[in-house]
Amino acid sequence: MLIVFKVHGGTTYEDIKLKVNQAEEMARQNQGKNIDTVLFFDEANTTEALSMIKEVMVDRRINGRPIGQDLERLQFIAACNPYRLRPSGNISTAGLSGKTIIDEYSKLVYRVHPLPETMIDFVWDYGSLSKEDERAYIGRMVEGITGNSDNLLVDLLCTSQEYVREVDKSPYCVSLRDAHRCIVLVKWFKETLKRRGDLPLSKLSDSRKYLKVARGFSLVIRSFVLALAHCYQSRLPAAEDRHGYRKRVSVFFRKHTNHSFQESSFEAIVRADQEDYLERMELPEGTAKNAALRENVFVMLVCILNRIPVFVVGKPGCSKSLPMQIIRSNLRGKDAKDPFLKTLPQLYVVSHQGSESSTSDGILKVFNKARRYKEHNKSGDVLPVVLLDEIGLAEVSKYNPLKVLHSLLEPGDGAFPDVAVVGISNWALDAAKMNRAIHLSRPEPDVEDLFETGKSLREAG
């Protein structure tokens with residue numbers, strides 16, 4: 001019998017003591033039934049009370065008291081994230097570097113404490129998946145979610161995982177969670193494109209050329225491109241990295257299809273869908289439809305509708321908050337102006353303002369409020385959204401409040417949270433949190449982006 005104890009930054013000595021007592025009691029009940037009782041400390045090195053976990057596992061004592069001397073089938077297991085430094089180039093703080101200079105954990109891949117030396121002899125390092133094993137896992141995932149084995153999708157996912165690791169110079173930046181989210185979105189985009197349909201070309205002024213290109217590809221290819229753009233391209237922080245990514249995956253589209261698929265084809269398919277959603281929405285007067293707004297609205301909207309957590313990371317002024325306001329004001333259920341938007345649920349947004357004094361209890365209360373609203377709304381036409389604003393500031397809180405996000409963002413069994421979650425930050429959080437969400441990172445605007453923004457502002461004015 002397994003007892004899972006989700007350890008987080010707020011876990012205390014008393015919490016551990018109570019859980020050990022619970023395990024002992026359960027082991028006594030299982031005595032003579034040929035049943036093992038196992039207490040599993042998940043992410044054990046996230047708490048400052050790690051010394052007590054060491055005492056339980058290594059010394060089999062709790063506050064000096066021997067644990068279950070008559071209980072031979074009571075066992076303890078712990079899982080830990082590695083204590084590793086981030087590559088220096090990956091500690092980006094969007095001009096607020098002072099906040100992370102005083103925060104020692106910002107230099108780590110995972111915000112964890114080093115293990116006591118007496119625990120090191122008991123560590124079993126799982127390492128990471130080989131390319132062959134990762135491909136085998138992804139192949140099974142594709143078949144399990146889409147119902148068929150698609151070599152093109154498997155190639156695209158394996159290549160995307162490899163490319164992001166090359167750019168980030170870290171093996172921890174992507175995981176099989178990213179592949180799983182991408183496969184889910186492939187299925188969703190295919191169904192949504194068929195149900196939504198494209199706007200007439202006459203309604204799209206500057207976007208006609210993109211839609212014409214997009215219409216030249218099947219719904220399957222378009223759904224592949226849109227899902228890849230969400231899960232992989234959107235996380236790349238530099239325009240040249242995105243260019244290299246589109247070039248890399250285009251090779252496989254040409255290899256598996258008869259189309260002369262180019263990098264520009266990938267761009268056109270994504271741009272056409274971004275423009276389609278914006279054209280259906282009412283925007284505040286004077287809003288520039290630039291690249292940042294298009295991508296942020298698109299990624300955030302799709303993640304909300306699928307209840308896939310998303311963290312939007314970028315410097316101040318890169319349209320992180322405005323897209324949420326636009327989505328909120330346009331997703332009004334049956335009161336929406338566009339026929340397609342009428343079919344989408346109305347949003348109920350619950351906000352939490354992150355700060356250096358944020359606590360785990362404060363974040364839990366926000367999630368509980370959103371869940372209660374969902375429970376009271378039996379019709380199912382309202383979707384609660386938890387908006388975690390300035391979540392990066394909460395991460396540097398001495399209370400380590402964001403450890404509770406692990407179980408909130410990943411309830412288990414491969415399911416997404418029961419409420420949508422949007423996090424906004426000026427810098428990326430640690431890998432354990434970022435891996436549990438889609439990561440949207442806006443590159444610096446180039447000359448073309450600035451020209452497009454000025455042009456759009458002139459037309460809006």
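## Handedness of a helix crossing

A crossing of two helices is right-handed if the near helix is turned clockwise from the far one by less than a right angle, and left-handed if the turn is anticlockwise. In this predicted model, the crossing of helices H1 and H2 is right-handed.

## The pair H1 and H2

Two packed helices are described by the angle between their axes and by the distance between those axes. Helix H1 spans residues 13–30 and helix H2 spans residues 50–59; their axes come within 9 Å and cross at roughly 25°. Because angles under 35 degrees count as roughly parallel, H1 and H2 are roughly parallel to each other.

On the H1 side, the contact is formed by Tyr13, Ile16, Lys17 and Val20, which meet Ser51, Met52, Ile53 and Val56 of H2. Six of the residues in this contact are nonpolar, one is polar and one is charged.

## Helix H12

Helix H12, residues 291–306, contains 16 residues. From its first C-alpha to its last it reaches 23 Å, close to the expected 22 Å. H12 is mostly covered, with 16 of its 16 residues buried. Just after H12, Arg307 takes a positive phi of about 55°.

## Positive phi values in two loops

Glu43 lies in the loop between strand E2 (37–42) and H2. Its phi is near 55°, a positive value in a residue other than glycine. Glu43 has a relative accessible area of 8% and is buried.

Arg60 is found in the loop between H2 and strand E3 (61–62), and its phi is near 50°, again positive in a residue other than glycine. With 28% relative accessibility, Arg60 counts as partly exposed.

How values were computed. Residues are numbered from 1 along each chain as its sequence is written. This is a predicted model: local features need pLDDT of at least 70, side-chain atom pairs count only at pLDDT 80 or more; totals for chains, interfaces and linings use all residues. Side-chain values use heavy atoms; hydrogens and water are left out. Axes are lines fitted to C-alpha atoms, for helices over the stretch in contact, and angles run from 0 to 180 degrees between N-to-C directions. Helices (H or I, at least four residues) and strands (E, at least two) are DSSP runs, numbered from the N terminus. Angles under 35 degrees count as roughly parallel, over 145 as roughly antiparallel, 65 to 115 as roughly perpendicular and the rest as oblique. Contact means heavy atoms within 4.5 Å. Ala, Val, Leu, Ile, Met, Phe, Trp, Tyr, Cys and Pro count as nonpolar, Asp, Glu, Lys and Arg as charged, and the others, Gly among them, as polar. The expected span of a helix is 1.5 Å times one less than its number of residues. Buried means under 20% relative accessible area, exposed over 50%, partly exposed in between (1.4 Å probe, protein chains only).
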